[in-house]
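Colleague: Hi! I'm new to this one, could you walk me through it?
Modeller: Happy to, here it is.
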Amino acid sequence: MSIKKVLFIDDGPIEQITTKLRKNLHSRGYTLDEEVINLNLPQFKKANPNESGKYIIDFDAVKQVIIETHSKEPYDSIACDYHYANDPLDGFTILKWIKNESQNKKYRIRRAKFVLYSSEGDKFAKKTNSVDDISKLIRIKFDDFLKRERLADDLASLLLKQSTRFDFNTMLIQELEKYPDFVFKSVYPKFKGKKLEDIVVEIDKELPNGLDFQQNIAELTIAHLIELNKIEEEE
């Protein structure tokens with residue numbers, strides 16, 4: 001079965017959601033591989049400077065875990081809860097940071113679909129009712145905002161929709177990652193002697209040689225197809 005990799009960010013239990021999502025995907029031939037950042041864990045808490053004896057989410061701790069543990073993972077989607085009890089931090093702020101940081105640093109996680117969800121959509125609406133807030137949402141380009149009670153169904157639909165689209169860049173990376181220690185020897189001189197895992201980095205980070213390499217592969221493939229066609233015609 002093919003795998004769909006999802007990162008959930010939430011401060012509440014999501015076992016029912018992941019169980020249903022797993023069943024939905026399994027029925028269509030996919031396996032769910034989920035990771036969860038539980039914002040209720042002690043490692044993500046710090047003392048509230050405005051209220052003695054109370055704790056709030058430590059955004060810096062969340063950032064550190066995302067960078068160190070999740071930034072290089074090939075997630076298909078990042079699904080983030082919007083509202084965290086009485087905490088000043090919200091899911092919009094977290095996803096906005098992930099999207100901007102991953103784009104700037106060319107982290108693999110940037111290729112995921114970014115999804116906000118909530119069982120309290122009215123609170124999100126109240127915080128995004130100005131022209132400036134709506135403009136920010138448009139610029140960030142989140143892929144969807146889903147209701148928590150329908151998250152398993154709607155997220156499955158989003159993930160399955162991805163599977164109907166062909167992405168040459170993604171396919172090339174996935175194929176090269178199957179042979180990470182294989183040493184490249186010819187066709188593209190700039191990569192001679194490099195391991196395929198090193199070439200993947202060049203492609204994934206959209207570095208000049210990585211982009212040129214993809215164009216070179218496309219040109220060679222077309223040339224090879226034309227040559228094969230000529231041979232068939234001669235026969």
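Modeller: One cut-off first: angles under 35 degrees count as roughly parallel, over 145 as roughly antiparallel, 65 to 115 as roughly perpendicular and the rest as oblique. Also, please keep in mind that this is a predicted model.
Colleague: Thanks! So at what angle do the axes of H2 and H3 cross?
Modeller: At roughly 40 degrees, and the two axes come within 11 Å. H2 covers residues 59–70 and H3 covers residues 91–105. H2 and H3 are therefore oblique to each other.
Colleague: Is the crossing of H2 and H3 left-handed or right-handed?
Modeller: The crossing of H2 and H3 is right-handed.
Colleague: And which residues meet there?
Modeller: From H2 you have Phe 59, Lys 63, Ile 66 and Ile 67, and they meet Thr 93, Ile 94, Trp 97, Ile 98 and Glu 101 of H3. Sorted by class, that contact has 6 nonpolar, 1 polar and 2 charged residues.
Colleague: Nice. Where in the protein chain is confidence lowest, and where is it highest?
Modeller: Helix H5, residues 131–140, has the lowest confidence with a mean of 52, while H2 has the highest at 98. For the protein chain, the mean pLDDT is 86, and 87% of the residues reach 70 or more.
Colleague: Changing topic: where is Val 201?
Modeller: Val 201 sits in helix H8, which spans residues 196–204. With a relative accessible area of 40%, Val 201 is partly exposed.
Colleague: How many residues separate Val 201 and Lys 106 in sequence?
Modeller: They are 95 residues apart in sequence, and their C-alpha atoms are 9.9 Å apart in space.

Methods: Residues are numbered from 1 along each chain as its sequence is written. This is a predicted model: local features need pLDDT of at least 70, side-chain atom pairs count only at pLDDT 80 or more; totals for chains, interfaces and linings use all residues. Side-chain values use heavy atoms; hydrogens and water are left out. Axes are lines fitted to C-alpha atoms, for helices over the stretch in contact, and angles run from 0 to 180 degrees between N-to-C directions. Helices (H or I, at least four residues) and strands (E, at least two) are DSSP runs, numbered from the N terminus. A crossing is left-handed if the near helix is turned anticlockwise from the far one by less than a right angle, and right-handed if clockwise. Contact means heavy atoms within 4.5 Å. Ala, Val, Leu, Ile, Met, Phe, Trp, Tyr, Cys and Pro count as nonpolar, Asp, Glu, Lys and Arg as charged, and the others, Gly among them, as polar. pLDDT is the predictor's confidence in each residue, from 0 to 100. Buried means under 20% relative accessible area, exposed over 50%, partly exposed in between (1.4 Å probe, protein chains only).
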